[in-house]
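Subject: Handover of a structure and findings

Dear colleague,

Please find below the structure that I am handing over to you. I would be grateful if you kept it open while reading the notes that come after it.

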Amino acid sequence: MNQLQKSKIWGLLILILIVCESWGFLVHRTIHQLAVYELPAEMRPFFYKNVEKLVADAPRPDQRRNTDSTEAPKHFIDLEMYGENAAHAMPYEWQKAVKQYSKDSLEKYGYVPYHVIYMKQKLTEAFKQKNKDSILFYAAEIGHYIGDAHVPLHTTVNYDGQLTNQKGLHSLWESMIPELEIEQYQLYSSHKATYLKDPAAAIWKAVRTGFAMVPEMLAKETEISKNFTDATKYRVQIRRGRESKSYTTEFAKAYAASLKPSINQRLLQSADLIADFWYTAWVDAGKPDLKGMNQNWTNQDQQQLNNELNAFKKNELLKQQLLISRKQQPENN
């Protein structure tokens, strides 16, 4: 592959990263697939039979942002804008938050943990109604927002490093680095779906831990930058007559190495909590029998699932070409 071809490929990748603002298509799709493997036997066949759809629909809330003006604040929460120690002081209940901060403020500065709980209620109701389409719709939706809640830069007003002269950090952390590094990631988690006695506390814990990561993320970018010049740190392109600047592959790899496994860990934590929320919604719905909605489940389906579970446990989903997110391309949606 010559240099021109490489430049075109990276130009396309960067464009994708700009469009996909949260975890990127790759990670959102990956964590939905991993979550299916963590479900109990009573749920797993139904979700596995529909895993292609779940994975394909994982980025849907991001795509909806282009047409729905109310969508954006559901993906983030700028904690600094809610006052000192907001990560620990904000109420878990939506109505209490509205009373304390006003709905206008929540819509301006984001409310992702509250929206996750709302989606959990919708998924629980879908399970109660045994409505297959609704179950799959809300399972994909809640999974997306849970994933977003695990992205540290979705918890801060400095969401792109724009306030610290580090613009572009958002897509670097959550999209570019996973695209570059996923071949080396651990995609197996020993976690089994667990019932959440307090779902609000669980999603707020994810938000808090992400928020606590922000200072180090910013500091590491500054530290690694000392080893780069502007020419080696940034890639500059001209689009429609305007200059566009993004991080180079070399800088992304150096930054990823400085962060160690933290991005990989957040990916797995996202998948774990998605499985927990799916399971909790199913339990709260009375554990409806999903077999009736899982038509044509065959011995071949079971064998295929068993093979994938073995590959999952061996961390060989990529090696065995079983990771759906590597097969499904964003331009196909």
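This is a predicted model: local features need pLDDT of at least 70, side-chain atom pairs count only at pLDDT 80 or more; totals for chains, interfaces and linings use all residues.

Residues are numbered from 1 along each chain as its sequence is written, and side-chain values use heavy atoms, with hydrogens and water left out.

Nonpolar core

A nonpolar core here is a set of buried Ala, Val, Leu, Ile, Met, Phe, Trp, Tyr and Cys residues joined through side-chain atoms within 4.5 Å. Buried means under 20% relative accessible area, exposed means over 50%, and partly exposed lies in between, with a 1.4 Å probe and protein chains only. The largest such core has 99 residues, and F47, M90, F127, I203 and W278 have the most contacts inside it. Its largest share, twelve residues, comes from helix α15, which spans residues 262-284. Helices (H or I, at least four residues) and strands (E, at least two) are DSSP runs, numbered from the N terminus. As general background, nonpolar side chains tend to be buried together in soluble globular proteins.

Leaving aside neighbours within four places in sequence, M90 is in contact (heavy atoms within 4.5 Å) with I77, L79, Y82, Y101, L106, Y114 and W204.

Salt bridges

A salt bridge is counted when a side-chain nitrogen of Lys or Arg lies within 4 Å of a carboxyl oxygen of Asp or Glu. A search of the whole structure gives 16 of them.

D57 pairs with K53, with 3.0 Å between the closest N and O atoms. The two residues are four apart in helix α4 (residues 51-57), so about one helical turn separates D57 from K53. D57 is buried at 16% relative accessible area, whereas K53 is partly exposed at 42%.

R64 forms a salt bridge with E71, and the closest N and O atoms are again 3.0 Å apart. R64 is partly exposed, with 22% relative accessibility, while E71 is buried at 0%.

D160 and K167 meet through their side chains at 3.6 Å, N to O. D160 is buried, with a relative accessible area of 12%, and K167 is exposed at 58%. Elsewhere, salt bridges that share partners link K53, D57, R60, R64, E71, K74 and E141 into one network.

Second largest pocket

On a 1 Å grid over the protein atoms alone, a pocket is an open set of points where a 1.4 Å probe fits, with protein on both sides within 12 Å along at least five of seven lines; lining residues have an atom within 4 Å of a point. Grid points are joined across faces, edges and corners, and a volume is the space filled by probe spheres set on the points.

The second largest pocket has a volume of about 280 Å³. Y92, E93, W94, Q95, Y111, Y114, H115, I117, Y118, Q121 and A200 line this pocket. The elements that give two or more residues to the lining are α7 (94-101) and α9 (112-129), and α9 gives the most, with five residues. The lining divides into seven nonpolar, three polar and one charged residue. In this division Ala, Val, Leu, Ile, Met, Phe, Trp, Tyr, Cys and Pro count as nonpolar, Asp, Glu, Lys and Arg as charged, and the others, Gly among them, as polar.

Individual residues

A200, one of the lining residues of that pocket, is found in helix α12 (residues 199-225). A200 is buried at 11% relative accessible area. Beyond its neighbours within four places in sequence, A200 is in contact with Y92 and I117. A200 and L273 lie 73 residues apart in sequence and 12 Å apart in space, C-alpha to C-alpha.

V51 lies in helix α4 and is buried, with a relative accessible area of 7%. Leaving aside neighbours within four places in sequence, V51 is in contact with Q33, V36 and I324.

K167, the salt-bridge partner of D160, lies in the loop between α10 (132-149) and α11 (169-181).

Yours sincerely,
A colleague
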